[in-house]
Amino acid sequence: MKKNIQQIINVSNEIYNKGLVSGKSGNVSARFGNVVAITPTLKSLSDLKQKDIVLVDLKGNVLTEGKPSSEVNMHLEIYKKRSDVNAIVHTHSPYATGFAFSDKKLKRLEGFGKIKEPYLPFIEYEKPGTDELAKSASEGLGESDVLILKNHGVICVNENLKEAMLLAVFVEETAKTQFISYMLNSAEDID
């Protein structure tokens, strides 16, 4: 289990260092059988230790010391609905979250699996940490690997942490590319 917890710490550090989360935002979890290891609430993902990672069962009962992320119920609801998902990375990356706060949809670009739908799915705003968000996110994700949370952030899921993290990075780069494209296409030529 220590190796698995270390993976959560490594992914947390990496998404912090890449600017996909800042301050004390975002959260990461992984499922190991009937146990979910998740980052703690109100602690920066940049400076986690093994003792900081909280273990919970699928009913949300805390099995170790510490307090899990306020989004723990969102993670648990996704795990309950998706047996193929064993890792969740929730970011507040600037470009993708910028799209989440706008009326623009994020296109699904080539580079991370088959394009089944032209845009990344999204759900309307629900207050962070609520049961309403947990239910809406788990339903809105459906069979997708990414979900945009309006006025909030991004959820990326996969069967393992590394792939979920790589997807979060790809979503942010996709958002950045689309943002630059919008800016270039809306700028008037200066002669």
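One cavity of 30 Å³ or more is found in the structure, a cavity being a set of points, on a 1 Å grid over the protein atoms alone, where a 1.4 Å probe fits but cannot get out. The structure is a predicted model, in which local features need pLDDT of at least 70, side-chain atom pairs count only at pLDDT 80 or more, and totals for chains, interfaces and linings use all residues. Residues are numbered from 1 along each chain as its sequence is written, and side-chain values use heavy atoms, with hydrogens and water left out.

The largest cavity holds about 70 Å³ of space, where a volume is the space filled by probe spheres set on grid points joined across faces, edges and corners. Ten residues line this cavity, and those nearest its centre are Arg 108, Leu 109, Leu 120, Phe 170 and Val 171; a lining residue has an atom within 4 Å of a point. The lining comprises seven nonpolar, one polar and two charged residues. In this classification, Ala, Val, Leu, Ile, Met, Phe, Trp, Tyr, Cys and Pro are nonpolar, Asp, Glu, Lys and Arg are charged, and the others, Gly among them, are polar. Helix 5 contributes the most to the lining, with four residues.

Helices (H or I, at least four residues) and strands (E, at least two) are DSSP runs numbered from the N terminus. Helix 5 covers residues 161-186, and its 26 residues at 1.5 Å each should span 38 Å, which agrees with the 38 Å between its end C-alpha atoms; the expected span is 1.5 Å times one less than the number of residues.

The largest pocket has a volume of about 390 Å³. Of its 17 lining residues, Arg 108, Lys 116, Glu 143, Ser 144 and Asp 145 lie nearest the centre, and the lining has five nonpolar, three polar and nine charged residues. The second largest pocket contains about 190 Å³ of space. Its lining has 13 residues, and Gln 7, Val 11, Asn 160, Leu 161 and Lys 162 are the closest to its centre. Helix 1 supplies the largest share of this lining, four residues.

How values were computed: 1 Å grid on protein atoms, 1.4 Å probe; cavity = no way out; pocket = protein on both sides within 12 Å on 5 of 7 lines; lining within 4 Å.
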